[in-house]
Amino acid sequence: MAIRKSNKLSQAVLLKQILKRCSSLGKKHVYNDEDFLPIDVPKGHFAVYVGENRTRYIVPISFLSHPEFQCLLRCAEEEFGFDHDMGITIPCEELVFQSLTNMLR
């Protein structure tokens, strides 16, 4: 039982590190001075870019606990990495992303 809990903890730490490393907080957006977060991203959410046109979506942090969303993040890391100015770019079609996020809500 302790191993499972440890795996979940390490997974949560990894996901937090991913969010810190990525710049999905966009350098072209207006920031609030206190948290250095874009004003248009509510607390408890983060921005991702999806599809060929890199459409920006604001998603709740709770999505990070879903294996399906974690799979998208792994694909994003493999294809684009997290160390760039664009933010987290999800490598899938917008309709697929919308369907997945609708199921997670």
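Contact, as the word is used in this report, means heavy atoms within 4.5 Å. The structure is a predicted model, in which local features need pLDDT of at least 70 and side-chain atom pairs count only at pLDDT 80 or more, while totals for chains, interfaces and linings use all residues. Residues are numbered from 1 along each chain as its sequence is written, and side-chain values use heavy atoms, with hydrogens and water left out.

With contact defined in this way, valine 59 touches Gly44, His45, Phe46, Val48, Phe69 and Phe97, when residues up to four places away in sequence are not counted.

**The sheet**

Helices (H or I, at least four residues) and strands (E, at least two) are DSSP runs, numbered from the N terminus, and two strands pair if DSSP finds at least two bridges between them. Three strands make up an open sheet in the order β2-β1-β3, and their pairing is mixed. At its edges lie β2 (55-60) and β3 (88-90), each of which pairs on one side only. Neighbouring strands of this sheet are turned by 40° against each other on average, with direction ignored; axes here are lines fitted to C-alpha atoms, for helices over the stretch in contact, and angles run from 0 to 180 degrees between N-to-C directions.

Strand β1 (residues 45-50) runs parallel to β3, to which three bridges join it, whereas β1 and β2 pair in the antiparallel sense over six bridges. The latter two strands also form a hairpin with four residues between them, and in its turn glycine 51 has a positive phi of about 80°. Some residues that stand opposite each other are listed here.

| Residue | Opposite residue |
|---|---|
| Alanine 47 | Isoleucine 58 in β2 |
| Tyrosine 49 | Threonine 89 in β3 |
| Valine 50 | Isoleucine 90 in β3 |

**Helices and core**

Helix α2 (residues 67-79) packs on the sheet and touches β1, β2 and β3, its direction making about 105° with that of β3. Helix α3 (residues 94-104) also packs on the sheet, touching β1, β2 and β3, and its direction makes about 15° with that of β2.

A nonpolar core is a set of buried Ala, Val, Leu, Ile, Met, Phe, Trp, Tyr and Cys residues joined through side-chain atoms within 4.5 Å, where buried means under 20% relative accessible area, computed with a 1.4 Å probe and protein chains only. The largest such core has 18 residues, of which Val48, Val59, Phe69, Ile88, Ile90 and Phe97 touch the most other members. Two or more residues each come from β1, β2, α2, β3 and α3, and α2 gives the most, with four residues. Strand β1 is mostly covered, since five of its six residues are buried.

Terms used: Buried means under 20% relative accessible area, exposed over 50%, partly exposed in between (1.4 Å probe, protein chains only).
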